[in-house]
Amino acid sequence: MNMSAKISETIEDYLSIMLVLERDQEPIVGARLAELIGVSPPTVTNTLKRMARAGLISMDEKNGTHLTDRGLEAAKSVMRRHMLTEWLLSPMLGWSKTHSQAHSMEHTVSDELEIALKNDLENPPVCPHGNPLPGFEDVVADWKPLLSFPDGSEVTIRRVHELAEQNPDLLAFLEENQVMPGNTAKIIKNLPFNQTITLEINHVAAILGYRVARYIYVTPVSLTESTG
């Protein structure tokens, strides 16, 4: 049964963001949702009330706002459909454009198409941006924030966090500067006083502010890879 069949596209958008926040142990707060979704706080409040009435979330002053079991399953369904659609589109579109296009298509993906995509794509554990499909969170567990590595480190870019995907201009900037999963980067200089980090990717410098860099996850390049 497709648990999202009777859920509106707007609420599916809320569910997918809530799934990411809960997974990352970030509290679900109305002001934060308003910022991420791009709507007013009163609009968020009204939508949350609708979701609570539908049994998708629980809300109380003591425990805060959380997805219920039904809400969690619906959120996972939305996320899977979105990420599989990104893979479907990635051979045809630029890396930075797959998220926004998949976002407009995910709501129409049927159970049958979801299964077909998963089989055809050989059940990918992550999306083109390196984020885990539901059930594959352990795959990315050892990937570390870019800002946790010292100057001189060589790293492989693995992931651009889902919340960064909300900004198409940011994704375009990252693609233009080759800050994409699979690319190797050398950390040239991390400057805490002005909150910038300079990378060298394919012999070209890319300067990221901390607000962007915190969304980038990497792994250290092994000796074998660096001499490879």
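Which helices each supply at least two residues of the lining of the largest pocket? They are α1 (9-23), α2 (30-37), α4 (69-89), α5 (98-105) and α7 (168-176). Helices here are DSSP runs of H or I with at least four residues, numbered from the N terminus.

Some ground rules. This is a predicted model, where local features need pLDDT of at least 70, side-chain atom pairs count only at pLDDT 80 or more, and totals for chains, interfaces and linings use all residues. Residues are numbered from 1 along each chain as its sequence is written, and side-chain values use heavy atoms, without hydrogens and water.

A pocket is an open set of points on a 1 Å grid over the protein atoms alone, where a 1.4 Å probe fits, with protein on both sides within 12 Å along at least five of seven lines; lining residues have an atom within 4 Å of a point. Points are joined across faces, edges and corners, and volume is the space filled by probe spheres set on them.

The largest pocket has a volume of about 420 Å³. Its lining has 22 residues, with S16, I17, H99, H103 and Q166 nearest the centre. Because domain 1 (1-137) and domain 2 (144-227) both contribute to that lining, the largest pocket lies between them. The domain bounds come from an automatic or database assignment.

The second largest pocket holds about 300 Å³. Among its lining residues are R32, E35, Q166 and Y215. Helix α2 gives the largest share, three residues.
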